[in-house]
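Hello,

Here is the model for your files. Please look it over before reading the notes below it.

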Amino acid sequence: MQLSILGRLEVRRADGTAVPVSGQRLRTLLAALAARPGQVVSTERLIDALWGESAPANAANALQALVYRLRGAIGRDAVEADPAGYRLAVEPGAIDSERFARLVDEARGAAPAVARVLLKEALALWRGPALADLDDPAASARLDEARLVAVEEYAAACLADRDPAEALSVTAREVDRYPLREGLQARHIAALHALGRQADALRWYDRTRRALADELGVDPSGELALLHTQLLRGRPVRDSNLPAQLTSFVGRDADIAAVTALAGAHRLVTLTGPGGAGKTRLAIETAARRPGPDAWPVDEAWLVELAPVGEPDEVVRTALAVLDVRDLVLAGRGMGAAGPTSRLVEALADRRLLLILDNCEHVIAAAADLVAAVVAGCPGVRVLATSREPLGVPGEMLYPVPPLQLPAERDRPEDIRRSDAVRLFTDRAAAVAPGFRLEDEDVPAVAQICRRLDGIPLAIELAAPRLRVMRPRQIADRIDDRFRLLTTGPRTVLPRHQTLRAVVDWSWELLDEPERALAARLSVFAGGAALESVEAVCGADALDAIAALVDKSLV
């Protein structure tokens, strides 16, 4: 049985045939039960929904008679009795409001093109005002609020997917009815602007500003104020600069879930790990799949790449350039004479955004100063940093990025194929060596390659191109000479990611002399060593240097 309450009540069997439910009171009873699927609805609530203040003296008996009639219409087992009331017993997803909520939830973790498909399907379930057969303003308002949120998210997905015409089409049907709903108005204005209708966008902003002032006595939110600034500049409205990825993202579902949870609960999360561990890609993928505002209260996501930055004082200026902050007068305060960090904090003070600071390790002190200022002065900003060592800012939550899942020595071939590390190798191999397929006889060699490379994504991606001239067994036999073997990174990436030696050299150059000396001495220990053994060989005062090497993801 399928029930529809997002509009006039409809009941259909599994084969799609309609089930007649005659009589207003019978329809009201079914709607009251369907409004709370899976929950026991109290006798008192049902009586109030059916009769209000005109309830008969024998209301409980009258309700029981109506339940009997309803069971006759939709099935005896469809309504269960409980000492406190009655419950509608239907399969999960049998009610359109549940399917709507599931589709909206799935859309929040998807790319814009996928999200808009899911949200369009969710909104298509609506055929009119929710619970039209039930006089329950609270339940109806709850469902309508969920619909409006979905409209806003659908418009945002269309804008992100470069389809402002569709965004405008969906917002235009709602903006007149909800003039004080800022998220809806902002997406309508952004769609007008993206379509080149600059004058219309400015007029609509002014209309919204006046409505907020007249009805609520408030100024536009930070989101609308920023939008207005961008309109005046005549620039495209953007809420993200996350780059489109050219390669697939393999595995890491558990890592994305963990980082998403951390970033939802804490305003500063730093992904740490050695070079090539996949910190940057994990941060970008997590941001691209960010959940809805209930989990992450952010409207924007901006990536500030610090890898090309050569001097510490360029860190803030790079962030200013990415976020398009200039010497403007904001909030009535002159900023032209303020320092760059103060200008950035002032510009972000009222915005809700996720700021990704990528590759902080070589400018760690300047990055830490910037983050400390932003976290203290911008309550709506969350920071996701990547670095080979922690920033050392109060409130920082660390997430050491682990290697990809590796196959065990005794795994069966089908289990080896399913491991994340082998899946990555196979995926990249198919891209660089057309026609490559992982044959059964090559599975042990590929598993050996991935294990010897410790499941480090960059190392695996550097090994895969060798398949143009070698078989997997030949690569596995030469993997001990990895610095000479793994030298085939893409020309377009940073030089330090083009060879495995460059990856290690980058980390080595960031060490001071005592740390380098200790790292060299540690090389005598094959397979690890206890702290006591390290102190015996390297000196009793080596503890601080060991801690520094651990922080810098080298030990």
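This is a predicted model: local features need pLDDT of at least 70, side-chain atom pairs count only at pLDDT 80 or more; totals for chains, interfaces and linings use all residues.

Residues are numbered from 1 along each chain as its sequence is written, and side-chain values use heavy atoms, with hydrogens and water left out.

Salt bridges

Side chains of opposite charge can pair when their charged atoms come close. The structure holds 33 salt bridges (a side-chain nitrogen of Lys or Arg within 4 Å of a carboxyl oxygen of Asp or Glu). For each pair below I also give the exposure of both residues: buried means under 20% relative accessible area, exposed over 50%, and partly exposed in between, with a 1.4 Å probe and protein chains only.

- Glu-80 and Arg-87 form a salt bridge at 2.5 Å, N to O. Glu-80 is partly exposed at 34% relative accessibility, and Arg-87 is partly exposed at 23%.
- Glu-285 and Arg-289 form a salt bridge at 3.6 Å, N to O. Glu-285 is buried, with a relative accessible area of 10%, whereas Arg-289 is partly exposed at 29%.
- Arg-471 and Asp-442 form a salt bridge at 2.4 Å, N to O. This pair links distant parts of the chain, 29 residues apart: Arg-471 is in the loop between α19 (457–463) and α20 (472–478), and Asp-442 is in the loop between α17 (420–432) and α18 (443–452). Arg-471 is partly exposed at 44%, while Asp-442 is buried at 7%.

Salt bridges also link Asp-144, Arg-147, Glu-174 and Arg-177 in a network.

The sheet

Helices (H or I, at least four residues) and strands (E, at least two) are DSSP runs numbered from the N terminus, and two strands pair if DSSP finds at least two bridges between them. Five strands make an open sheet with parallel pairing, in the order β7-β10-β11-β6-β12. The edges are β7 (300–305) and β12 (397–400); each has a single partner strand, so one side of each has no neighbour in the sheet. From one strand to the next the twist averages 20° (axes are lines fitted to C-alpha atoms, for helices over the stretch in contact, and angles run from 0 to 180 degrees between N-to-C directions).

Within the sheet, β10 (residues 353–358) and β11 (residues 381–387) run parallel and are joined by five bridges. Leu-354 stands opposite Arg-382 in β11.

Regards
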